[in-house]
Amino acid sequence: MSICTPFNCNGHTLQLSKNHSIKRVFTSHLISKFQVTTVPYAIPLPSVYLSEPIKFSGKRFNLVTASATPTVETPKISFRTKNPKDINVLVVGSTGYIGKFVVKELVKRGFNVIAIARGKSGIRGKNSKEETLGLLSGANACFSDVTNLESLEKSIENLGISIDVVVSCLASRSGGVKDSWLIDYEATKNSLVAGRKFGASHFVLLSAICVQKPLLEFQRAKLKFEAELIEESKNDESFTYSIVRPTAFFKSLAGQVELVKDGKPYVMFGDGKLCACKPISEPDLASFIADCVLSEELINKILPIGGPGDALTPLEQGEMLFRLVFPSLEDAAEFGKIGRYYAAESMLVWDPETGEYDAESTPSYGKDTLEEFFKRVLEEGMTGQELGEQMIF
């Protein structure tokens with residue numbers, strides 16, 4: 001703690017007579033006026049006022065040293081004992097896919113949320129400041145650049161408050177080499193350094209379960225920061241962390257919904273059983289991350305987390321999707337049989353003796369030909385000839 005003591009700023013000087021000692025002055029005036037504060041940066045303290053002018057002796061004197069009695073420091077009170085409204089939670093990556101759900105959940109739980117955001121947030125900066133403020137409703141939006149430590153620290157300093165917890169939802173958008181190290185490592189580390197500077201004693205990191213088998217650059221970047229976060233806690237027992245490693249998000253698995261709905265094929269690799277996941281919804285993940293802010297059971301741990309139910313393979317996800325798109329799997333299978341039948345079987349008289357279709361045995365009637373019909377359709381279209389639900393036939 002830095003202490004500023006502007007003795008000369010009000011024009012007062014310390015003067016001692018023979019019956020006054022330096023020790024008495026400091027005991028009776030300074031100690032009674034000083035208050036200890038836990039704010040992590042310097043605060044000007046009140047000047048010392050004496051009831052009467054006292055003159056210094058012209059003789060040299062020895063400085064009085066502090067008493068040999070050990071000073072008892074007041075233990076720092078954990079933020080976890082505070083009311084949520086008095087806990088300052090700094091969220092970086094607040095406008096990202098998961099970040100905006102986390103901000104909403106923290107606000108709902110009554111925390112004082114400071115949401116760091118870019119001036120133009122969203123995909124390719126499509127959101128203006130006004131739109132971002134609406135997106136972060138209930139939180140204190142702070143526009144800054146997490147990739148620039150100096151800028152981030154200045155923005156937090158301007159808030160004039162200390163930070164209790166940092167929640168990082170930062171993630172590379174592209175997964176490219178440069179972007180991965182800029183966001184998943186450097187920007188995330190900046191949020192740790194800045195948060196610590198202004199008092200943060202807990203850090204919640206949104207990571208990913210795929211870092212268990214790091215073959216990609218963004219995974220390596222995330223792991224490097226995870227290691228440094230854990231080391232920070234080892235070096236300072238008063239500092240804690242929670243590393244959250246979620247499985248697949250619902251959004252990540254929804255890419256084929258519209259395709260299947262439009263009748264397109266469902267795509268999967270191999271037999272559809274090469275991999276599996278326990279997908280978790282965005283609100284559920286945000287709720288778990290919010291739990292990590294206060295729960296002592298979740299500190300200093302790596303926390304893999306998935307959604308409810310059994311793990312699902314791509315094949316099982318596809319079957320689930322077909323059950324929802326079609327009235328039932330039975331109908332879906334039957335529709336497939338219908339399409340295959342008309343694609344493979346001739347519409348001619350069947351000769352049971354030869355076991356073949358026979359064009360000669362198929363009677364003909366009328367005068368309109370298919371060629372003439374095609375010509376008319378090319379000129380006039382299919383008006384009046386729409387197949388509707390019979391299209392499969």
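Here's a quick look at a sheet and some of the helices around it.

This is a predicted model, where local features need pLDDT of at least 70, side-chain atom pairs count only at pLDDT 80 or more, and totals for chains, interfaces and linings use all residues. Numbering starts from 1 along each chain as its sequence is written, and side-chain values use heavy atoms, leaving out hydrogens and water.

Let's start with the sheet. Seven strands make an open, parallel sheet, ordered β5-β4-β3-β6-β7-β8-β9. (Strands are DSSP runs of E, at least two residues, and helices are runs of H or I, at least four, numbered from the N terminus; two strands pair if DSSP finds at least two bridges between them.) At the edges sit β5 (140-143) and β9 (301-305), each pairing on one side only. From one strand to the next, the twist averages 20 degrees. Strands β7 (residues 202-206) and β8 (residues 240-246) run parallel, joined by five bridges, and F203 stands opposite Y241 in β8.

| Helix | Strands touched | Angle |
|---|---|---|
| α2 | β3, β4, β6 | about 160 degrees with β4 |
| α6 | β7, β8, β9 | about 155 degrees with β8 |

Helix α2 (residues 99-108) also packs with helix α8 (residues 282-294), at about 55 degrees and with axes 8 Å apart. That angle makes α2 oblique to α8 (under 35 degrees is roughly parallel, over 145 roughly antiparallel, 65 to 115 roughly perpendicular, and the rest oblique). Residues in the contact include F101 and L106 of α2 and P283 and V293 of α8.

Definitions and conventions
Axes fitted to C-alpha atoms, helices over the stretch in contact; angles between N-to-C directions. Contact = heavy atoms within 4.5 Å.
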